[in-house]
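I opened my notebook to look around a new protein and jot down whatever I could find. Come along and keep the viewer open beside you.

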Amino acid sequence: MHQLSPQDAQFLYAETEHNLTHVTSVAIYDPSTVPGGETVRYTDIIAHTRERLAYNPVFSRRLLRLPLEIDYPYWVEDEYFDLEYHMQHGRLPEPGDWRQFCIHMARYHSRPLDMNRPPWEMFVVEGLDHVDGLPKGCYAIATKIHHAAVDGASLMKFFSSMADGDNLGTPLVPLEEVVVGSGEIPAMPALISRAFRNNFRSPLRIAETVMRAAPSLVQAAQDSVAKRDEDKHPVPPTRFNVDLSPHKMFDARVVALDDLKRIRQLQPGVTINDVVLAICAGALRRYLSHHGELPDESIIAWVPINARPRGSDGNDLPGNNISAMTTPIFTDETDPLKRLQRIQQSTRASKEARSGISARLMTDVTRHVPAATQVLASRLLLRSGVAAKMCNLFISNVPGPQIPMYMNGARMVRSVALAPLADGMGLFIGTPSYDGQMSFNVISTRELLPDIEFFMDCIEASLAELLGLLDAKPAKSPKKAATKTAVKSPRAKARPKTKARPKTKAK
């Protein structure tokens, strides 16, 4: 038994009826790689999952919450754990295309978990028979886990322990059995007594944290005053900064990771994360301009950052260890190259030590805030609409393994994911990568993004625009004009068709 950290607990307290704080990771498998041409059955997937139970404490832990939230909840072993309760099976209707699959996943993601049991479940979906880029007969495994249990890094560790490195069943990573407690749950009076002690110590711990950080705070305050006008970026209102409905929308596009690496050549020091932000910025500029809604100021993105120590082996307790930054993505900049350059400068400044002091301090302080205070603060923030004043959307880049992964002999050929939304921030773009691919995953609601297919076209057009700049860079080559035309011409012809959107409006 161990207690949730305040950061983990925030995902419990921030949950609302319409905005659930779980993540859904979807792996798509090609069963043609199974030795001997055997069929992967639903019972085989259950058996494999049961075999790996001992290596994942997430599987069998449930939450123990205290009365009136007087202290943070605890993870305890579920004495009535039943694996098959957490697993479901279904099949797409004919013809089993990508659009049907996306609708299926959006509906699945919109349903809540049973929080009286370990907060996870798996959904095996067969019948992906007519999806471009996928072999016929593929199936998907959608794993829904509450964000209180995992962040992006620990989620990757979770799936690595579930995966094999070949089609013969060799584990991808060394498996070490997790030692769990005796399963005995302390009596409630003992937990309440501990809660009162924790609450009594909280003010003292907060004061100690602030005093330790005092010299850095003084310097940070001076820097902040000096750069106040220069760094001021107001958050403009957009269609995504309103209260949300429970009707989620989802779509994804897969691109070659090498294309994003090539784009880094446009500007020294550019990271993959900068390229992702630039592609999203170009897509948002196209989409909002098409609807006549592009704000004069730059859109502001909330970007999570993995706060685990560099070189960490990931063997710490599962849960959340993340920080974040808000950064403009310069949708007000017409030139795509200048936009990329400004994004790089902005993200680099945000990651400097003096810019991270306040984030680190707030992380340390919130470790000592009483649970009841955190609950009240979370609810007040949600009702105050402060989220819309902080940023316009989430953009999260989670690097994944760049080698093939298998399960039950079937090779994983695609990885996509769905993330939680919040009132005031109704657009999440996640970009997990796997085996030389990166997928741009878009999550919103039906009311805010009714033409999600057109938005995905905007992402592809934004990527093509940056690649076109790269192809045009060697200006002295006589082939430049032909190459540039070959890249841009198909996109230019396709754009009027996507802007008309009669099909997406009907949907």
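My entries follow, beginning with the whole protein and moving on to single residues.

**Entry 1: the whole protein**

I reminded myself at the start that this is a predicted model. I looked up the secondary structure and found 15 helices and 16 strands. Then I checked burial: of the 507 residues, 48% count as buried. The accessible surface comes to about 24200 Å², and carbon and sulfur atoms hold 55% of that surface. I also looked at contacts between residues at least 6 apart in sequence, and 79% of these join residues at least 24 apart.

**Entry 2: a sheet**

Strands of a sheet pair through backbone hydrogen bonds, and they can do so in a parallel or an antiparallel way. With that in mind I traced an open sheet of six strands, ordered β5-β6-β7-β2-β13-β12, with mixed pairing. Which strands are at the edges? They are β5 (87-91) and β12 (406-407), each pairing on one side only. I followed β5 to its partner β6 (residues 120-128) and noted that the two run in the parallel sense, with five bridges. I also found R91 standing opposite E126 in β6.

**Entry 3: the cores**

Next I went looking for nonpolar cores. The largest has 77 residues, and I329 and F455 have the most contacts inside it. Helix α8 (residues 272-290) gives the most to this core, namely 12 residues. Another core lies apart from it and has 39 residues, including V58, F59, M122 and M162.

I stayed with F455 for a moment. Which residues does F455 touch, leaving out those up to four places away in sequence? I wrote down L284, Y287, L427, I429, V442 and L449.

**Entry 4: aromatic pairs**

A pair of aromatic rings is described by how far apart the centres are and by the angle of the planes. I searched the whole structure and got eight aromatic pairs. One of them is W98 with F101, a tilted pair at 5.4 Å centre to centre with 40° between the planes. Why are these two about one helical turn apart? They sit three residues apart in helix α3 (residues 98-110), so about one turn separates them. Both W98 and F101 are buried.

The rings of Y287 and F455 have centres 5.3 Å apart and planes at 75°; an angle over 60 degrees counts as edge-to-face, so this pair is edge-to-face. Y287 is in helix α8 and F455 in helix α13 (residues 452-471), so the pair links parts of the chain 168 residues apart. Are Y287 and F455 buried or exposed? Y287 is buried at 0% relative accessibility, and F455 is buried with a relative accessible area of 0%. Ring pairs also bring in F454, giving a cluster of Y287, F454 and F455.

**Entry 5: charges over rings**

I then checked for charges above ring faces. K144 lies over the face of Y108, 4.1 Å from the ring centre.

**Entry 6: an exposed arginine**

Last, I picked R348, which has its place in helix α9 (residues 336-351). Its relative accessible area is 52%, and exposed means over 50%, so R348 is exposed. R348 and G269 are 79 residues apart in sequence, yet their C-alpha atoms are 9.4 Å apart in space.

Technical notes. Residues are numbered from 1 along each chain as its sequence is written. This is a predicted model: local features need pLDDT of at least 70, side-chain atom pairs count only at pLDDT 80 or more; totals for chains, interfaces and linings use all residues. Side-chain values use heavy atoms; hydrogens and water are left out. Two strands pair if DSSP finds at least two bridges between them. Helices (H or I, at least four residues) and strands (E, at least two) are DSSP runs, numbered from the N terminus. Buried means under 20% relative accessible area, exposed over 50%, partly exposed in between (1.4 Å probe, protein chains only). A nonpolar core is a set of buried Ala, Val, Leu, Ile, Met, Phe, Trp, Tyr and Cys residues joined through side-chain atoms within 4.5 Å. Contact means heavy atoms within 4.5 Å. Accessible areas come from the Shrake-Rupley method with a 1.4 Å probe; for residues, only the protein chains shown count as cover. Rings of Phe, Tyr and Trp (its six-membered ring) pair if their centres lie within 6.5 Å; planes under 30 degrees apart count as stacked, over 60 as edge-to-face and the rest as tilted. A charge sits over a ring if NZ of Lys or CZ of Arg is within 6 Å of the ring centre and within 35 degrees of the ring normal.
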